[in-house]
Amino acid sequence: MDKNNALDAFAALSQSTRLDVFRLLIKAGDDGMLAGDISDTLGVRQNTMSTNLSILARAGLIRNERQGRSIRYFADMDGMRGLLAFLMEECCGGQPELCQPVINEIACAC
């Protein structure tokens, strides 16, 4: 991930509803969630949610899959890993063992 992609991701996450959506989709895991269910869960109008989902998708943080007439959304784990890798790219001044506790904390044991 380059600096511009990271800035897009941070901009997308800097809005409260979008951050809530991203966290909700991470929690949903491989099952993802339908767009309407995301709106209902967070109490956000569907047209507003559609805009927020588009912004997160353009930032590479979520992905979608059409299922008939519905769209299911998922956290894009590759996008999240890319953002975390960008943040930790030059971690710990050449002493990667110092970063291991952080890596252990964010590693998914799924």
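Colleague: What share of the contacts in the protein with a separation of 6 or more comes from residues 24 or more positions apart?

Modeller: That share is 52%, where contact means heavy atoms within 4.5 Å. Before we go on, this is a predicted model: local features need pLDDT of at least 70, side-chain atom pairs count only at pLDDT 80 or more, and totals for chains, interfaces and linings use all residues. Residues are numbered from 1 along each chain as its sequence is written, and side-chain values use heavy atoms, with hydrogens and water left out.

Colleague: Okay, and how many helices and strands does the protein have?

Modeller: Six helices and three strands. Read from the N terminus, the order is α-α-β-α-α-β-β-α-α. The C-alpha atoms fill a box of roughly 50 × 30 × 25 Å along the principal axes.

Colleague: How do I read a pair of packed helices?

Modeller: Two packed helices are described by the angle between their axes and the distance between the axes.

Colleague: Is the crossing of α2 and α3 left-handed or right-handed?

Modeller: Right-handed. From α2 the contact takes T17, D20, V21, L24 and L25, and from α3 it takes I38, T41 and L42. By type, that is five nonpolar, two polar and one charged. Here Ala, Val, Leu, Ile, Met, Phe, Trp, Tyr, Cys and Pro count as nonpolar, Asp, Glu, Lys and Arg as charged, and the others, Gly among them, as polar.

Colleague: Which residues touch the most other members of the largest nonpolar core?

Modeller: V21, L25, I38, L53, L56, L61 and I62, out of 20 residues in that core. At least two core residues come from each of α1 (3-13), α2, α4 (46-58) and β3 (70-75). A nonpolar core is a set of buried Ala, Val, Leu, Ile, Met, Phe, Trp, Tyr and Cys residues joined through side-chain atoms within 4.5 Å. Buried means under 20% relative accessible area, exposed over 50%, and partly exposed in between, with a 1.4 Å probe and protein chains only. Buried residues make up 28% of the 110 residues in the protein.

Colleague: What is I38 in contact with, leaving aside its neighbours within four places in sequence?

Modeller: V21, L24, L25, M33, M49, L53 and Y73. Now take L56, in helix α4, which is buried with a relative accessible area of 0%. Skipping residues up to four places away in sequence, L56 touches A12, L13, R18, V21, F22, L61 and I62.

Colleague: Which residues of α1 are buried?

Modeller: A6, A9, A12 and L13. Looking down the axis of α1, they fall within an arc of 125 degrees, so they line one face of the helix. The arc is that of the directions from the helix axis to the C-beta atoms. K3 and N4 are exposed on the other side of α1. The cover over the buried residues of α1 includes α2, α4 and α5 (77-87).

Colleague: And G43: where is its place?

Modeller: In the loop between α3 and α4. Its relative accessibility is 66%, so G43 counts as exposed. G43 and T17 are 26 residues apart in sequence, with 9.8 Å between their C-alpha atoms.

Colleague: Where does Q15 lie?

Modeller: In the loop between α1 and α2. Q15 counts as partly exposed because its relative accessibility is 28%. From Q15 to N52 you go 37 residues in sequence and 9.1 Å in space, C-alpha to C-alpha. I26, in helix α2, is also partly exposed, at 33%. Beyond four places in sequence, I26 is in contact with A75 and M80.

Methods
A crossing is left-handed if the near helix is turned anticlockwise from the far one by less than a right angle, and right-handed if clockwise. Helices (H or I, at least four residues) and strands (E, at least two) are DSSP runs, numbered from the N terminus.
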